[in-house]
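Q: I have this one open and have not looked at it before. Can you walk me through it?

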Amino acid sequence: AVSPKGAVGIMQLMPQTARELGADPSDAGQNVDAGARYLRGLLLKYLDDPFQLRKALAAYNAGPAAVDRYSGVPPYPETQRYVRRILRQVRPHLD
């Protein structure tokens with residue numbers, strides 16, 4: 001699957017991100033592994049932030065530069081919907 005913005009595969013990795021992680025985004029196993037490593041890196045980046053998960057999810061969707069520029073979830077409707085949707089699915093499992 002390729003998104004209109006160019007994200008590839010199951011984890012919807014941008015080609016540059018996949019290259020930085022040494023993965024072939026069209027290989028399902030490498031795509032999932034790279035996506036998980038990328039998300040882990042984002043969680044570590046925002047580790048000491050009270051909005052760690054929200055920022056990591058926003059950075060996964062819009063890129064860490066956008067999250068840093070806006071000091072949180074950027075005002076992009078797609079990113080805001082993405083973060084809300086994931087948090088709704090994850091929160092019941094965090095309690």
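**A first walk through the model**

A: Start with Arg54, which sits in helix H3. Keep in mind that this is a predicted model.

Q: Is Arg54 buried, exposed or partly exposed?

A: Arg54 has a relative accessible area of 30%. Buried needs under 20% and exposed needs over 50%, so Arg54 is partly exposed.

Q: What does Arg54 touch, apart from residues up to four places away in sequence?

A: Arg54 touches Val73, Val83, Leu87 and Arg91.

Q: And how far is Arg54 from Ile10 in space?

A: The C-alpha atoms of Arg54 and Ile10 are 21 Å apart, and the two residues are separated by 44 residues in sequence.

Q: Back to H3. Which residues are buried there?

A: In H3 the buried residues are Lys55, Ala56, Leu57, Ala58, Ala59 and Tyr60.

Q: What follows H3?

A: Gly63 does, and its phi is positive, near 100°.

Q: OK, the core. How many residues does the largest nonpolar core have?

A: The largest nonpolar core has 17 residues. Leu42, Leu57, Tyr60, Tyr82 and Val83 are those with the most contacts inside this core.

Q: Which helices supply at least two residues of this core?

A: Helix H2 (28-45), helix H3 (52-62) and helix H5 (77-94) each do.

Q: Which gives the most to this core?

A: H3 does, with five residues.

Q: Take Leu57. What is Leu57 in contact with, leaving aside neighbours within four places in sequence?

A: Leu57 is in contact with Tyr82, Val83, Ile86 and Leu87. Val83 and Leu87 are also on the list of residues that Arg54 touches.

Q: Changing topic: how many aromatic pairs are there?

A: The count comes to two aromatic pairs. In one of them, the rings of Tyr38 and Tyr60 have their centres 5.5 Å apart.

Q: Why is that pair called tilted?

A: The planes of the Tyr38 and Tyr60 rings are at 45°, so the pair is tilted. Under 30 degrees would count as stacked and over 60 as edge-to-face.

Q: Which parts of the chain does the pair link?

A: Distant ones: Tyr38 is in helix H2 and Tyr60 is in helix H3, 22 residues apart.

Q: Are those two buried or exposed?

A: Tyr38 is buried, at 18% relative accessible area. Tyr60 is buried as well, with 14% relative accessibility.

Q: What about the rings of Tyr70 and Tyr76?

A: Their centres are 6.0 Å apart and their planes are at 85°, so the pair of Tyr70 and Tyr76 is edge-to-face. Tyr70 is partly exposed, with a relative accessible area of 40%, and Tyr76 is partly exposed at 30%.

Q: Now pockets. What volume does the largest pocket have?

A: The largest pocket has a volume of about 480 Å³.

Q: What lines the largest pocket?

A: The lining has 20 residues, and Met14, Tyr60, Asn61, Ala62 and Glu78 lie nearest the centre of the pocket. By class, twelve residues of the lining are nonpolar, six are polar and two are charged.

Q: Which helices supply at least two residues of the lining?

A: H3 and H5 each do. H3 gives the most to the lining, with four residues.

Q: Where are they found?

A: Gln12 is in the segment before helix H1 (15-20). Ser71 lies in the loop between helix H4 (64-70) and H5.

Q: And their accessibility, buried or exposed?

A: Gln12 is partly exposed at 31% relative accessibility, while Ser71 is exposed, with a relative accessible area of 58%.

Q: Last one, Asn31. Where is Asn31, and is this residue buried or exposed?

A: Asn31 is in helix H2. Asn31 has a relative accessible area of 0% and is buried.

Q: What is Asn31 in contact with, leaving aside neighbours within four places in sequence?

A: Asn31 is in contact with Val8, Gly9, Ile10, Met11, Gln12, Leu13, Asp24 and Pro25.

Key
Residues numbered from 1 in each chain as written. Predicted model: local features only at pLDDT ≥ 70, side-chain atom pairs only at ≥ 80, totals over all residues. Heavy atoms only, no water. Core = buried A, V, L, I, M, F, W, Y, C linked by side-chain atoms within 4.5 Å. Buried < 20%, exposed > 50% of the residue type's maximum accessible area, 1.4 Å probe, protein only. Contact = heavy atoms within 4.5 Å. Phe/Tyr/Trp six-rings, centres within 6.5 Å; stacked < 30°, edge-to-face > 60°. 1 Å grid on protein atoms, 1.4 Å probe; cavity = no way out; pocket = protein on both sides within 12 Å on 5 of 7 lines; lining within 4 Å. Points joined across faces, edges and corners; volume = space filled by probe spheres on them. Nonpolar A, V, L, I, M, F, W, Y, C, P; charged D, E, K, R; others polar.
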